[in-house]
Amino acid sequence: MSRQQADLVVVGCGAGGLATAVRFLECRPEGRVVVLERTSKAQRGGNTAWTGAFFRLEPDGEPAADFSVRMRDLSGGRTDPAIIGRLAALARPTMEWLNENGVATKPDLTYFLTSKGPRLMPVGGGAAIVETLAARVETLGGTIRYDTAAHDLVQDETGAVTGVVTADGTRWEAPTVVLACGGFEGSTALLDRHLGDRGHELSPIAPGGRANQGEGIEMGVRAGAATDGQFERFHGEPVDPRTRSPEALVMVYPYGILVDHRAQRFLDEGSDTPDNTFESVAYRIWRDADQFAYVVADQKLVRQDIARAVLTDREPETADTLEALAQRLDLDPAALVATVEAYNAAARPGPLDVTALDGIATSGLEPPKSNWARPIDEPPYVAWPVTCAITFTFGGLKTDEHARVVDRLGAPIPGLYAVGETAGIYHGKYPGATSVLRALCFGRVAGEAAASRSTTPSTTA
């Protein structure tokens, strides 16, 4: 077994891993950093490289007014309040740091038509974060090893982590290891283990997710780490299954009806604004509709400015009659006609306004539709097939507000840190636009801690 020495080993080349490496080298320019990336250079970056990377921040970088409350409430109080507080405090300094390192940010509208305003995002999306910070790592003297998968952690007789063994048998020794290699959405075996025997039906929303095989979480658990986050839940989104394009979102389901493969409605499409429901709707498509559903609407929706809410590169299926539309979707024509007629009888005539909750609800219909309940009666009719794609998993290693991985007794494991999706913090529902942000923020925290540890070998936390 060959041995290599470093001051810091980072596993993963996404936002969290690269932020860790850059911040370490800023704090300790003479330090030796190696980033281990299981994919090629062309495929690097995991989910970060494919996302728009919206941040739940105001244009000046300050957290949105509902930032902390939303993170707490959506988790049912299960997300560590110390982590939430640290994330909120680090948000603006992290945006300033990102700008200083060459990644510009700007306010932009999200793909939610009912959004109350723009969110901050990097110019060029997550790909700009990966490209810019990877270049910074190399400019500052760090090394990125591609096609190098981490296999196991090395521990000394006290349990402290002292390195990583890669799949080729190389032992990378360092006083600090940071796991930043994503969740387990790319592993059908782990999806089945944690989500049930239908977990393998879920496809990652983007190619980068396929590289997230859960090895960081598995290595940490074998080293004695506790876990956190809800392993049986995930962040999913409704996408068009007809395309190979990444993140082919279809966020217009509240403004028509959503039917399953039997042409039956199965949920309240308009229960809330889409930014509050899209994850649960995607989950229901997977669990209750056997991964096949269709958004059915008419020209009232087509006339709206929906381009930013429909990111698929395929046009909707279109027909002049519901019977013909059903045939295009391989649905029972009589069943679709009956479903639309029952819905129309319970809906309220009038114009469609997709920019806000309108309180226009059905009457006497099950399941109800609580908003945007306008009849579907203006042909040509349109439909988008939708399925549930997995963006990332919730379960991961338990960390504290210093990004340290803790053991099953709650004590930090010396030398081991985890950031990004490898660290489990989410429960219940995902508080949107916080994932890349937390990877960057706690990546900086881990990088600073690693720089301190590399200059003080006796440090044990």
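Predicted model: local features only at pLDDT ≥ 70, side-chain atom pairs only at ≥ 80, totals over all residues.

Residues are numbered from 1 along each chain as its sequence is written, and side-chain values use heavy atoms, with hydrogens and water left out.

**Stop one: the cores.** Select Phe55, Ile129, Leu437 and Leu440. In the largest nonpolar core, which has 57 residues, these four touch the most other members. A nonpolar core here is a set of buried Ala, Val, Leu, Ile, Met, Phe, Trp, Tyr and Cys residues joined through side-chain atoms within 4.5 Å; buried means under 20% relative accessible area, exposed over 50%, and partly exposed in between (1.4 Å probe, protein chains only). Now colour the elements that give two or more residues to this core, among them β2 (8-11), α1 (15-27), α4 (125-139) and α11 (435-455). Helices (H or I, at least four residues) and strands (E, at least two) are DSSP runs, numbered from the N terminus. Which helix gives the most? That is α11, with 11 residues.

Zoom in on Ile129. Leaving aside residues up to four places away in sequence, its contacts (heavy atoms within 4.5 Å) include Phe55, Val103, Val436 and Leu440. Apart from this core lies another, of 36 residues, including Leu153, Leu202, Ala225 and Phe231.

**Stop two: a strand pair.** Show β4 (residues 105-108) and β5: they run antiparallel, joined by 4 bridges. Strands count as paired if DSSP finds at least two bridges between them. Asp108 has Arg119 of β5 as its bridge partner. On β5 (residues 119-122), Arg119 and Met121 point one way, Leu120 and Pro122 the other, and all are buried.

**Stop three: Asp260.** Look in strand β14 (residues 257-260). Is Asp260 buried or exposed? Asp260 counts as buried because its relative accessible area is 1%. Its side chain reaches the backbone nitrogen of Arg262 at 2.9 Å. Beyond four places in sequence, Asp260 also touches Phe266, Ala289, Phe292, Ala293, Tyr294 and Leu331.

**Stop four: Pro175.** Finish in the loop between β9 (171-173) and β10 (177-179), where Pro175 sits. Pro175 is partly exposed, because its relative accessibility is 32%. Among the residues it touches, not counting those up to four places away in sequence, are Ala6, Val161, Gly415 and Arg453.

Key: Polar contact = N/O pair within 3.5 Å; in protein donor to acceptor, adjacent residues only side chain to side chain.
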